[in-house]
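Please look at the sequence and the model first.

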Amino acid sequence: MRKNLFPLILASALLTGCGSAVLNPVTGQTERSVMNEQDEVAEGAKAHQQVLQEYGVVKDAKVQAYVDNLGQRLAKLSHRDQLQWHFTVLDSPEINAFALPGGYVYVTRGIMVYLQTEAELAGVMGHEIGHVTARHGAQRATRQQDAGLGVLAATVLGAVLESQGVSGAGRLASQVSQTAAAGYVASYGREQELQADGLGAEYLARSAYDPRNMVRVIGVLKDQERFAADQARAAGRPAPTGNSWLASHPSNDARLQQITQLATQYQGSYSDEGRDRYLQVLRGLPFGESAEQGLTRGSNFYHPVLGFALTAPAGWQIQNEAEQLAVVNATGDAALLVQVAPPKAGNTHEEVIRKLLQPSQGKVEHLTLNGLPATHFVGSRTTTQGQSQPLDVTLVSGPQDRMYLLRPVGKSAALRAAQVALAQAQGSFRLLAGAERVAAKAWTIKTVAYPRGGFAELACLSPLPSAQQQLRLINGFYTGGEPKPGQWVKVVE
């Protein structure tokens, strides 16, 4: 949960007209497009600001400079070396990378943790550079306009009432946020993904990296998916389907075979994988959630920046998202949402209720929550369609003059069954103080020499849950094998 709610972006058709003939620098062929290169750069720059606002950037100049230097080297050997390229490490634990038109490429610190070498990172970035050089974002915009949807129609979202149950915390809020970037990077076609694979392999070879590193990247990330599935299975939950580089990039066996075939077409001497350089850059990088986003520690959630804490009931899960915190029951059909009220919503609880909730009727009850002033509102509002929508919201005045909205959401029957647990979760909202402030510290990546006791020895000193499995995972040995004694490996402290 970040410091402020990311505002709902109502994207619309930004480009008009029938398009014009544009030369594709990769294929050398002319294609009709609603975006020329100037349009690509302008739209990329606009969406870039939204990406930065939503994610934030890693505040480590060493990491940013390293990734930018690597990206610039790859881009200078690409089909569009004349573009002004921008490479950014986003402050997100998500395992992801994406690109915007006009030369904007992003990797998350989350994906960097699971890669083992500079060459593997180059494989991820080469693929994303390929999407830009082949004009895949512009092609997507053209297809959407041809269909009468508008350039960024995929991101046009209005207020959404979740009336069919929880089914994922991302759909629990009464409003859904997406960045304009989503319209460009979502749902690339299979041909576009394969073309980006081929271009990524080509750019690696041009930069003296073994193109087979693209195959290794897929293997590393598939191990991460296996780990997530194994953990869910052990807890009796369905396997997660969250955001990841593989989730947005098809990863079936046929594609893996084609990547392998593409990589083996290149013959050369590729000796320097850049492992030591890469590990040095990773040292000190946050692992998992950061202090700015809030930290999940078992059943507790601590937000050292916002200054509050909350505890999930037994068997419930904490899902920390950009716009909200969700405490979700085991069956996924009831949850408590915690959101920050926008500063412009008002200075008092009553003003926030009137401006933000816009109720048609209801009653107010003033109370305190662990010493914090609170107001419970129960009532309803009339939607634009003339329907009555129930409202059940508790406003709490927290530290730093912020107001928080605590809302139970889900199906009526599920909410009734979870009434006690929801009250328990809400009642745990409190100021972060004392020993909890000590516990509210982000984990970071360190490197140590691999001991003779192996991952079992390292796990004894690790704060991670399922430490041995996670240490194997971040070092590329999840499915078996061992590093050599004395070899540098990643640990989390």
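Which side chains meet in a salt bridge of 3.0 Å, N to O? They are those of E31 and R135.

## Basis of the report

The model is predicted, so local features need pLDDT of at least 70 and side-chain atom pairs count only at pLDDT 80 or more, while totals for chains, interfaces and linings use all residues. Residues are numbered from 1 along each chain as its sequence is written, and side-chain values use heavy atoms, with hydrogens and water left out.

E31 belongs to strand β2, residues 30–33; helices (H or I, at least four residues) and strands (E, at least two) are DSSP runs, numbered from the N terminus. E31 has a relative accessible area of 18% and therefore counts as buried (under 20% relative accessible area; exposed is over 50%, partly exposed in between; 1.4 Å probe, protein chains only). R135 is likewise buried.

The side chain of E31 also makes a polar contact of 3.3 Å with that of N24, and another of 3.3 Å with that of Q139. A polar contact is a pair of N or O atoms within 3.5 Å; within protein, one must be able to donate a hydrogen and the other to accept it, and residues adjacent in sequence count only if both atoms are side-chain atoms.

## Salt bridges across the chain

A salt bridge is a side-chain nitrogen of Lys or Arg within 4 Å of a carboxyl oxygen of Asp or Glu. By this rule the model has 17 salt bridges. In the pair of E31 and R135, the former lies in strand β2 and the latter in the loop between α4 and α5, so the bridge ties together parts 104 residues apart in sequence.

E40 and R80 form another salt bridge, with their closest N and O atoms 3.2 Å apart. This pair links helix α1, which holds E40, to the loop between α2 and β3, which holds R80, 40 residues apart. The relative accessible area of E40 is 2%, and E40 is buried; R80 is buried at 2% as well.

A further salt bridge, of 3.6 Å from N to O, joins E273 and R216. Salt bridges that share partners connect E31, E37, E40, R80 and R135 in one network.

## Helix α2
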